[in-house]
Amino acid sequence: MKYIVLMVALLIGVGTGLAQNFTRQDTLRGSITPERAWWDLNYYDLNVKVEPDKKFISGYNMVRYKVLEPAKILQIDLQEPMKIESVSEDGKKLKVISEGNAHFIHLKKKQVPGDYNEIKITYSGYPREAVRAPWDGGFSWKEDTKGNAFVATSCQGLGASVWWPNKDHMYDEVDSMRINVTVPKDLMDVSNGKLESVEENGDFKTYHWFVNNPINNYGVNVNMANYVHFDEVYIGEKGMLNLDYYVLPENLEKAKKQFAQTDMMLRAFEHWFGPYPFYEDGFKLVEVPYLGMEHQSSVTYGNQYENGYLGRDLSGTGWGLKFDFIIIHEAGHEWFANNITYKDIADMWIHEGFTAYSENLYLDYHFGTKAAEEYVIGTRANIRNDRPIIGPYNVNQSGSGDMYYKGANMLHTLRQLIEDDELWRQILRGLNTDFYHQTVTSVQIENYISDKTGKDLSAFFDQYLRTTLIPKLEYKTENGAITYRYVDIVKDFDMPVRIFVDNTEHWLFPNSEWKTETLEGNTITIDKNFYIASQKL
């Protein structure tokens with residue numbers, strides 16, 4: 001169990017920073033600054049040459065944007081030790097004033113609302129090397145067992161600007177982009193979207209990828225190795241979906257067996273969440289030298305071709321060994337993270353809570369509701385209640401890592417309150433339809449669920465997202481009656497709870513005040529599907 005807890009701590013490392021002393025750099029990174037607000041991203045044309053023997057990259061990014069308001073200064077982000085070499089507009093060099101990782105570009109051209117303009121940013125450097133990818137982020141410079149370069153990027157939380165210049169705030173997703181990666185000729189690059197062409201140039205090859213759909217910054221990735229490729233076609237809700245797999249040659253047979261779970265994943269998640277959101281870009285699983293990450297249409301995989309989380313069951317129930325954690329969890333992010341994306345990382349629970357919950361929905365679809373219930377309840381052992389799930393806004397700071405399994409158990413509890421599983425399924429599908437390819441806030445998601453259920457869930461969400469308190473049901477029984485109330489709750493928290501009296505279902509409607517009602521029976525059991533504590537007095 002200690003090993004499992006350690007792995008969970010590593011898994012949620014992006015969200016466990018405790019520092020609350022924020023700097024101007026935090027604000028420049030985490031807020032919608034005036035130099036960001038006046039323009040809307042339209043298109044990136046990213047070109048990067050990767051030289052693994054030097055651990056060096058170089059290239060340029062063409063940034064096309066729509067003018068929303070007149071302005072003269074535009075913020076682009078690129079993190080040290082990477083350097084911007086020049087910025088140009090219509091071939092004319094522009095002045096750049098840098099403040100740490102934020103770079104303020106002084107435009108010459110008049111910015112007319114409604115116009116589409118473009119700048120070219122040339123850059124190079126030795127990007128930050130990831131030490132514990134994917135939790136700290138950067139480039140992973142590794143070698144395979146044959147001594148070939150085995151290289152990959154990961155940058156959630158840290159930001160895509162750790163390796164390429166961009167508008168590094170999640171609120172504004174680019175509408176589409178090209179990713180052109182030049183690598184040594186004996187290697188292959190796999191990035192997001194569809195492969196358009198491969199261009200040979202002496203000792204190097206350039207792989208040209210095109211992403212048809214909006215994509216968040218951290219979802220953009222580069223993966224380099226001596227890959228072998230195999231593929232298949234999935235017939236889903238929107239027709240034919242190309243499934244492409246890129247693995248090291250020595251793992252080909254294992255991959256063909258393990259990646260069969262992709263079909264099972266898609267069937268479960270299309271049932272619960274609606275169509276895979278990126279049919280135009282296909283779906284890829286790509287082997288990398290770290291555990292894995294939810295890069296859009298290019299999900300990275302390093303779970304050693306085992307079920308569970310590196311062979312372990314994070315729930316302690318046995319059900320976690322029925323699926324490959326990385327295939328199911330990271331692919332679940334295609335709906336919650338890549339389709340529906342948080343505007344501010346403070347609301348990262350939208351990604352991780354729903355996706356941790358997707359694990360037990362996968363079990364529900366393939367193994368039944370009882371399996372799903374046991375799994376999600378088992379994951380409660382990993383909840384620490386150290387900080388609220390929602391973090392501080394505008395400083396690029398997430399909340400507690402409890403966003404994973406406390407978030408999942410909150411949603412599982414909500415399913416009990418709704419009682420109608422088909423309504424719950426339609427709400428999950430509705431989220432992915434009504435917020436299709438959008439960035440959102442937690443409040444938007446909360447209000448949507450309240451509206452669709454017809455229940456005021458504001459106190460419910462405040463309780464589980466904005467405090468560390470777990471509602472406790474205190475009760476006592478005497479003379480054929482039960483007296484009960486909630487403690488450790490926020491104002492107006494009055495969540496009903498299901499109990500069993502001698503195995504007969506009964507609902508209580510507690511709040512902060514004592515209530516008494518008659519019950520016929522001797523044994524009272526609180527339904528474990530509700531994430532609450534209880535104490536018999």
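Analyst: Contact means heavy atoms within 4.5 Å. This is a predicted model: local features need pLDDT of at least 70, side-chain atom pairs 80 or more, while totals for chains, interfaces and linings use all residues. Numbering starts from 1 along each chain, and side-chain values use heavy atoms, without hydrogens or water.

User: What covers the buried residues of α11?

Analyst: The cover includes β21 (340–342), α7 (349–367), α9 (405–418), α10 (421–434), β22 (438–440) and α12 (458–466). Helices (H or I, at least four residues) and strands (E, at least two) are DSSP runs, numbered from the N terminus.

User: Which residues of α11 are called buried?

Analyst: Ser442, Ile445, Glu446, Tyr448, Ile449, Ser450 and Thr453. Each is therefore under 20% relative accessible area (1.4 Å probe, protein chains only).

User: What makes the largest cavity a cavity?

Analyst: On a 1 Å grid over the protein atoms alone, a 1.4 Å probe fits at its points but cannot get out. Its volume, the space filled by probe spheres set on the points, is about 130 Å³. Of its 16 lining residues (an atom within 4 Å of a point), Arg29, Met170, Tyr342, Ile345 and Asn396 are closest to the centre. The whole structure has four cavities of 30 Å³ or more.

Note on methods. Buried means under 20% relative accessible area, exposed over 50%, partly exposed in between (1.4 Å probe, protein chains only). On a 1 Å grid over the protein atoms alone, a cavity is a set of points where a 1.4 Å probe fits but cannot get out, and a pocket is an open set with protein on both sides within 12 Å along at least five of seven lines; lining residues have an atom within 4 Å of a point.
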